[in-house]
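Dear colleague,

My notes on what was found follow after it, grouped by topic.

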Amino acid sequence: MSEKILIKGNEALAEAAIAAGCRHFFGYPITPQNELAAHMSRRMPQMEGVYLQAESEISAVNMVYGASAAGVRCMTSSSSPGISLKAEGLSYLAGCDLPAVVVNVQRGGPGLGGIQPSQADYFQATKGCGHGDYRMIVLAPNSVQEMYDHTYASFALADKYRMTVMILTDGLLGQMMEPVEVAGGEQTVFDKPWAVAQGKDKQVVNSLFLKPDALEKSNLDRFAKYRRVEDDEQRYEGYQLDDADIVVAAYGASSRIARNAIDEARSRGIKAGLLRPITLWPFPKTAFAKAAERARAFISVEMSMGQMIEDVELAIRCSRPVTLCNRVGGVAPDPKMILDAILEAKEKAI
Amino acid sequence: MLPDGMSRVTVLAGHYGSGKTTVATHLALELRKTRERVTLCDLDIVNPYFRSIDNRELLEKAGVRLISSPLAGTSVESPGFPPDAASVFDDTDVAAVIDVGGDDRGALALGRYSEHLKKDAAILLVINKYRPLSANAKDAAALCREIESAGKFRFTGIVNNSNLARETTAQDVLNSLPYAEELGKTLRLPVIATFAADWLEITGENIRPMNIYKKWVTL
């Protein structure tokens with residue numbers, strides 16, 4: 001077993017990226033993700049990598065676009081308002097089928113909002129925040145260890161599918177300090193014959209297709225790839241799920257709070273369980289459909305006005321009642337309110 | 001029980017996330033057991049989160065005066081000095097603990113008090129072996145020099161606060177002792193104490209139990 005370190009969520013994102021072979025980071029400051037960029041600014045020179053603070057979020061994402069086209073592992077990060085600015089670049093990355101890792105440490109919105117944690121960018125992350133038909137793989141860690149592990153894994157995932165992987169986390173996990181075991185092991189290295197590099201034959205990395213037939217074909221090919229991702233990459237974690245009558249759906253920080261409520265419900269003899277999506281896209285539809293075979297009701301616990309709840313309803317084809325249990329604006333739900341929601345769902349459904 | 005190596009004004013500085021606020025709160029509350037007038041002064045100009053003001057109620061109940069920027073704990077991200085910070089130097093009847101922001105950026109705040117600090121202050125470097133950027137004595141020493149240069153001062157001692165938060169074991173603390181000693185030798189500074197969470201119940205020369213006044217989030 002390797003030694004543990006005590007690390008902040010935001011620092012774990014940086015260390016994991018470096019361990020995965022990322023040597024190009026392009027950032028711009030915004031709370032609550034600043035420790036990530038600050039950590040990179042110290043670590044990248046030590047690793048003979050590039051840390052560059054861009055003049056804006058838009059520049060930073062376009063530097064990722066360029067670096068990725070050159071075939072290197074690269075990353076940018078921001079918090080909610082900054083991700084809105086990166087939306088154009090994310091669409092271009094998708095249009096060129098370029099791999100990239102983008103971090104969103106969410107804060108309350110809309111607009112400038114506040115600097116306290118939130119999960120209100122679920123739609124933005126999973127439904128495409130830029131223009132055009134495209135998808136990003138969205139990973140939602142729920143501990144500092146997972147911040148490390150999922151980021152470590154995200155670079156290979158991005159290279160494998162030539163897609164952007166977004167790490168969707170929040171200010172609570174970003175600021176939290178927990179002991180972490182750092183990864184070892186070999187990273188899969190992907191051949192990138194499409195990359196633009198010195199000494200190679202001419203390569204074109206481009207999202208412009210003026211002929212409609214060619215543009216249609218590029219979309220159809222890309223969506224065939226997305227279907228493979230949906231088939232192979234749905235990830236989730238179940239907790240007390242197998243015999244659950246009431247299924248709580250929650251991701252990220254909310255899921256840890258929900259676990260406490262589920263333990264309390266179980267101690268009162270209520271069969272409650274947690275289904276925690278780890279990939280928000282592809283959404284773990286199969287696991288939800290299976291849970292719906294037994295469960296009587298679902299509760300979506302979110303730090304938003306109700307965004308993931310729509311995917312829960314879709315995944316179970318509205319076959320069971322789904323209620324929302326939420327706090328917003330930088331406030332996290334507490335176990336008591338989730339327990340109350342479980343008790344209410346049980347009252348109505350059973 | 002207070003360690004030797006403190007002064008009427010004791011300053012805690014060090015690496016980001018090394019536990020300065022936790023140690024500062026502990027020392028202020030310990031001081032209050034023997035001193036009538038104790039002040040904890042928060043000079044953090046870096047981090048909008050995890051500030052001494054989170055412990056305001058606890059401190060005030062114990063009779064410790066908290067000096068803190070009016071913007072601390074409000075989510076307003078403006079580095080602000082508390083207007084009454086300098087009072088801890090002028091009012092020589094007060095025993096004061098000063099909690100500084102992390103790294104060289106945080107230590108900048110001390111620059112304006114450098115003349116005062118030369119007179120009657122202990123300036124302690126808080127270290128944690130389990131933080132990745134200060135995991136060995138060489139890296140920790142480099143960080144220490146950056147902090148001193150930014151704050152225009154010299155440290156007078158080291159506080160070993162090596163921990164892995166809730167997962168800390170007694171062995172983790174014991175494993176950090178050679179690291180603290182080596183850093184002390186490199187920097188030619190005394191290790192004035194090793195603090196260990198009181199639930200660990202470790203005893204040993206220079207190891208002191210610390211009550212962690214942190215609101216653990218129920219996660």
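**The sheet of chain B**

In chain B, 8 strands make up an open sheet in the order E3-E2-E4-E1-E5-E6-E7-E8, and their pairing is parallel. At the edges stand strand E3 (64-67) and strand E8 (207-210) of chain B, and because each has a single partner strand, one side of each is left without a neighbour in the sheet. Between neighbouring strands of this sheet the average turn is 25°, with direction ignored. Please keep in mind throughout that this is a predicted model.

Within this sheet, strand E1 (residues 9-14) of chain B runs parallel to strand E4 (residues 95-100) of chain B, and the two are joined by 4 bridges. Helix H1 (residues 20-32) of chain B lies across E1, strand E2 (38-43), E3, E4, E5, strand E6 (157-160), strand E7 (191-197) and E8 of chain B, and runs at about 175° to E4(B).

**The sheet of chain A**

Chain A has an open sheet of 7 strands, ordered E3-E2-E4-E5-E7-E6-E12, in which the pairing is mixed. Here the edges are taken by strand E3 (50-53) and strand E12 (279-281) of chain A, each with a single partner strand, so one side of each is left without a neighbour in the sheet. Neighbouring strands of this sheet are turned against each other by 20° on average, again with direction ignored.

E5(A) pairs with strand E7 (residues 164-170) of chain A in the parallel sense, over 7 bridges, and A:Val105 finds its bridge partner in E7(A) at A:Thr169. H6(A) lies across strand E4 (74-78), E5, strand E6 (137-139) and E7 of chain A, and its direction is at about 160° to that of E7(A).

**Cavities**

By class, the lining of the second largest cavity has 7 nonpolar, no polar and 2 charged residues.

**Where the chains meet**

The contact between the chains takes 26 residues from chain A and 23 residues from chain B, and chain A and chain B bury about 2200 Å² between them, of which 56% is on carbon and sulfur atoms. In chain A, the residues that lose the most area to chain B are A:Leu6, A:Arg42 and A:Ile115, which together account for 29% of what that side buries.

The second largest pocket, with about 750 Å³ of space, has residues of both chains in its lining: among its 41 lining residues, A:Asn34, B:Val46, B:Asn47, B:Pro48 and B:Arg105 lie nearest its centre. The largest share of this lining, 7 residues, comes from H2(A), and the lining residues divide into 16 nonpolar, 17 polar and 8 charged.

**Backbone details to check**

Most residues other than glycine have a negative phi, and most peptide bonds are trans. The peptide bond from A:Thr31 to A:Pro32 is cis, with omega near 10°, and A:Pro32 lies in the loop between strand E2 (24-27) and H2 of chain A. The bond from A:Gly109 to A:Pro110 is also a cis peptide bond, with omega near 0°, and A:Pro110 sits in the loop between E5 and helix H5 (122-126) of chain A. In chain B, B:Ser75 has a positive phi, near 70°, and belongs to the loop between E3 and helix H3 (87-90) of chain B.

With kind regards

Definitions and conventions
Residues are numbered from 1 along each chain as its sequence is written. Chains are lettered from A and ligands numbered from 1 in the order in which they are written. This is a predicted model: local features need pLDDT of at least 70, side-chain atom pairs count only at pLDDT 80 or more; totals for chains, interfaces and linings use all residues. Side-chain values use heavy atoms; hydrogens and water are left out. Ala, Val, Leu, Ile, Met, Phe, Trp, Tyr, Cys and Pro count as nonpolar, Asp, Glu, Lys and Arg as charged, and the others, Gly among them, as polar. Two strands pair if DSSP finds at least two bridges between them. Axes are lines fitted to C-alpha atoms, for helices over the stretch in contact, and angles run from 0 to 180 degrees between N-to-C directions. Contact means heavy atoms within 4.5 Å. On a 1 Å grid over the protein atoms alone, a cavity is a set of points where a 1.4 Å probe fits but cannot get out, and a pocket is an open set with protein on both sides within 12 Å along at least five of seven lines; lining residues have an atom within 4 Å of a point. Grid points are joined across faces, edges and corners, and a volume is the space filled by probe spheres set on the points. Buried area is the accessible area (1.4 Å probe) that two parts lose on being put together, summed over both.
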